Amino acid sequence: MTPIITATELASELSGPRPPVLLDIRWQLGGPHGRSDYEAGHIPGAVFVDLDAELAAPPGAGGRHPLPEPEAFGAVMRRAGVSADSPVVAYDGGQGWAAARAWWLLRWTGHADVRVLDGGLAVWTGPLETKVPDPSEGTFTPAPGALPLLDADAAAGLARSGVLLDARAAERYRGDVEPIDRVGGHIPGAVSAPTMENVDKDGRFLPAGTLSARFKALGASAAAEPVGVYCGSGVSGAHEALALEIAGFEPALYAGSWSEWSSDVSRPVATGSQPG
């Protein structure tokens, strides 16, 4: 199953016999809370999910967006109407990062049928509604471990022995600027691979063959151990993991990402355009 769905396909499924559970994950780093946008209009039946409060644990030693406790995440998904056998589609305002975070968490905790609306709400031409739905309680019970997850030591090892991709903007990878975390730069050995280069000008993912060629040029190989990816705090990294899956790879996510790595002064930091 492809991990993305077009707006046309979504409209068809919503009117079909087995409509997916819709999750509205509108969010932007440092921006206004997405709830107000949701209340102003959302795809009919969509349930709002708060990325900062419900798709992440409180910031701390594990970074700015640590993974939520599985039990808490399961409760959020059940409230949204998610069951183990229900198809799920997540969308956001168009950037795709927040929806990909929901996709990755559901996949990591064992849900097999979850997709992201390619291009987000920006490509939706159907009706919107302001009514907040009250779905029946779902039955989804998280079983973490269905997707590979890296901790800091595993990420460092993969950067040395395999391929670890840095999904942040190139200037943050180089250490030219660092607007959020303690120090700029990247994990030694990691390769710069900005996730925004995986999409077109409208925020839709590039074709699978194009993505595959891009990642192979960066050193990834479908025959090797899973390629790893990280970002600032595990959000845009999930978007790159989604691109890697579209391209046919089996990505491992370092969820703590640079916010966790850079918070420990004992961990090495590389700067410049080369992996180091």
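**Strands and a pocket in a predicted model**

Strand β6 and strand β10 (residues 252–254) run parallel and are joined by two bridges. In this pair, L149 lies opposite L253 of β10. The model is predicted.

- Strands of a sheet pair through backbone hydrogen bonds, and the pairing is either parallel or antiparallel.
- Here an open sheet is formed by five strands in the order β6-β10-β9-β7-β8, with parallel pairing.
- The edges are β6 (149–150) and β8 (191–192); each has a single partner strand, so one side of each has no neighbour in the sheet.

**Strand β2 and its partners**
- Strand β2 (residues 21–24) points V21 and L23 one way and L22 and D24 the other way, and all of these residues are buried.
- With strand β4 (residues 88–91), β2 pairs in the parallel sense over four bridges.
- With strand β3 (residues 47–48), β2 also pairs in the parallel sense, over two bridges.
- L23 stands opposite A90 in β4, and its bridge partner in β3 is V47.
- A right-handed β-α-β unit is made by β2, helix α2 (residues 35–40) and β3.

**The largest pocket**
- Rolling a probe the size of a water molecule over the atoms shows where empty space is left.
- The largest pocket holds about 230 Å³ of space.
- It is lined by 18 residues, of which L29, W97, R168, R172 and S236 are the closest to its centre.
- The lining consists of 10 nonpolar, five polar and three charged residues.

Methods: Residues numbered from 1 in each chain as written. Predicted model: local features only at pLDDT ≥ 70, side-chain atom pairs only at ≥ 80, totals over all residues. Heavy atoms only, no water. 1 Å grid on protein atoms, 1.4 Å probe; cavity = no way out; pocket = protein on both sides within 12 Å on 5 of 7 lines; lining within 4 Å. Points joined across faces, edges and corners; volume = space filled by probe spheres on them. Nonpolar A, V, L, I, M, F, W, Y, C, P; charged D, E, K, R; others polar. Buried < 20%, exposed > 50% of the residue type's maximum accessible area, 1.4 Å probe, protein only. Pairing = 2+ DSSP bridges. Right-handed = clockwise from strand over helix to strand, strands pointing away.
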